[in-house]
Structures are given as C-alpha cells and as structure tokens.
Amino acid sequence: MIAELIVCASLSAVDGDTVKCDGQNMRLLGEGVPFVSGIDTPEIGSHAKCLKERKLALIAKGRLKELLAEKGLRVVFSGATDRTPSHRPLVNIYRRNGEEIGKKLLQEGFARAWRPKERNDWCD
C-alpha cells in the first residue's frame with residue numbers, strides 16, 4: 001500500500017478518533033499499522049457503555065477539534081479502509097511540526113492503544 005495525501009476543504013471531528021473530510025468519515029491510525037495497531041477513543045452518545053465513557057468521549061472529541069483547527073495539517077491516506085460497512089479510509093493527520101494527531105491524543109491520555117480483538121473498557 002502506498003500512502004497518499006488527501007486534500008480536505010473541510011475537516012472536522014466526528015468523535016475522538018474519527019474525522020470528517022469533505023463529508024467522508026475517516027478513522028485515525030495514530031501512526032499505527034492498518035489492522036495491526038492504532039488508537040481507540042471512548043464511544044460517543046448511544047454507543048457508549050456508561051456515562052463515564054460518554055463524558056470521556058466528549059472530552060476526546062473536543063481535544064481533536066482543537067487540534068484540527070490548526071493551520072497546515074496534512075491528511076495522509078494509508079491505502080487501507082476499515083472493516084465497517086462504511087469502509088472508512090484509515091488516515092494519519094500530521095501537524096506542521098510533523099507530529100501525528102492520533103499519536104498526540106494517545107500521549108495526552110485522550111486515546112488508548114488499539115489492537116485487534118482487544119477491547120478498551122472506558123467504564124472501569
């Protein structure tokens with residue numbers, strides 16, 4: 001798979017690990033490897049398993065929204081799409097300083113590492 005740059009006229013946060021680029025949802029990889037590693041954030045709204053997860057999801061989405069407001073972001077398509085029915089492109093978003101946004105969320109505690117067949121419990 002060859003990575004390619006995606007140009008977005010509009011880029012917004014859907015939740016803590018999903019962005020919308022010109023109307024299309026895309027999943028953040030956090031510099032992970034498609035289907036091997038990535039990031040996970042709490043589920044938002046009715047997808048949350050508890051009130052704590054719902055609150056954490058809003059906080060993570062807020063932080064992602066702040067990061068997406070920066071100028072000079074680069075959205076890079078990994079060449080893979082996720083296995084959901086919508087087949088969201090798996091992307092990395094880089095800040096001007098080269099830092100990847102998903103990795104930043106992980107470092108700041110807004111996200112956790114994702115691995116196949118492992119579930120993060122945000123309610124504990």
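Predicted model: local features only at pLDDT ≥ 70, side-chain atom pairs only at ≥ 80, totals over all residues.

Me: Which residues does UniProt list for "domain: TNase-like"?

Reply: UniProt positions are given in the numbering used here, with shortened feature names, and annotations may be inferred rather than shown by experiment. The unreviewed UniProt entry lists residues 4-124 for "domain: TNase-like". Over residues 4-124 the chain is 21% helix and 31% strand. The end C-alpha atoms of this stretch are 38 Å apart. Helices (H or I, at least four residues) and strands (E, at least two) are DSSP runs, numbered from the N terminus.

Me: How should I read a nonpolar core, and which residues of the largest one touch the most other members?

Reply: A nonpolar core is a set of buried Ala, Val, Leu, Ile, Met, Phe, Trp, Tyr and Cys residues joined through side-chain atoms within 4.5 Å. Buried means under 20% relative accessible area, exposed over 50%, and partly exposed in between (1.4 Å probe, protein chains only). Here the largest nonpolar core has 17 residues, and L28, L64, V91, I93 and I101 touch the most other members. At least two residues of this core come from each of strand 3 (18-21), strand 4 (24-28), helix 1 (51-68), strand 6 (74-81), strand 7 (89-94) and helix 2 (101-108). Helix 1 gives the largest share, three residues.

Me: What does L64 touch?

Reply: Contact means heavy atoms within 4.5 Å. Not counting residues up to four places away in sequence, L64 touches A13, D15, G16, D17, T18, V19, L28, I101 and L105.

Me: How is a pocket defined, and what is the volume of the largest one?

Reply: On a 1 Å grid over the protein atoms alone, a pocket is an open set of points where a 1.4 Å probe fits, with protein on both sides within 12 Å along at least five of seven lines; lining residues have an atom within 4 Å of a point. Grid points are joined across faces, edges and corners, and a volume is the space filled by probe spheres set on the points. The largest pocket has a volume of about 800 Å³. It is lined by 33 residues, of which R27, D40, E43, W114 and R119 are the closest to its centre. Strand 4 and strand 5 (38-40) are the elements that give two or more residues to this lining, and the largest share, three residues, is from strand 5.

Me: How many residues of each class are in the lining of the largest pocket?

Reply: Ala, Val, Leu, Ile, Met, Phe, Trp, Tyr, Cys and Pro count as nonpolar, Asp, Glu, Lys and Arg as charged, and the others, Gly among them, as polar. The lining of the largest pocket has 15 charged, eleven nonpolar and seven polar residues.

Me: Where is E43, and what does E43 touch?

Reply: E43 is in the loop between strand 5 and helix 1. E43 counts as partly exposed because its relative accessibility is 31%. Leaving out residues up to four places away in sequence, E43 touches A48, E53, R54 and A57. E43 and R54 are eleven residues apart along the chain, and their C-alpha atoms are separated by 6.5 Å.

Me: Is E53 buried or exposed?

Reply: E53, in helix 1, counts as buried because its relative accessibility is 5%. Beyond four places in sequence, E53 touches P42, E43, A48, W122 and C123.

Me: What is the phi of E31, and what is the phi of K117?

Reply: E31 is not a glycine, yet has a positive phi of about 65°. E31 is found in the loop between strand 4 and strand 5 and is partly exposed, at 37% relative accessibility. K117, not a glycine either, has a positive phi of about 65°. K117 is in the segment after strand 8 (112-114) and is exposed, with a relative accessible area of 90%.

Technical notes: Residues numbered from 1 in each chain as written. Heavy atoms only, no water.
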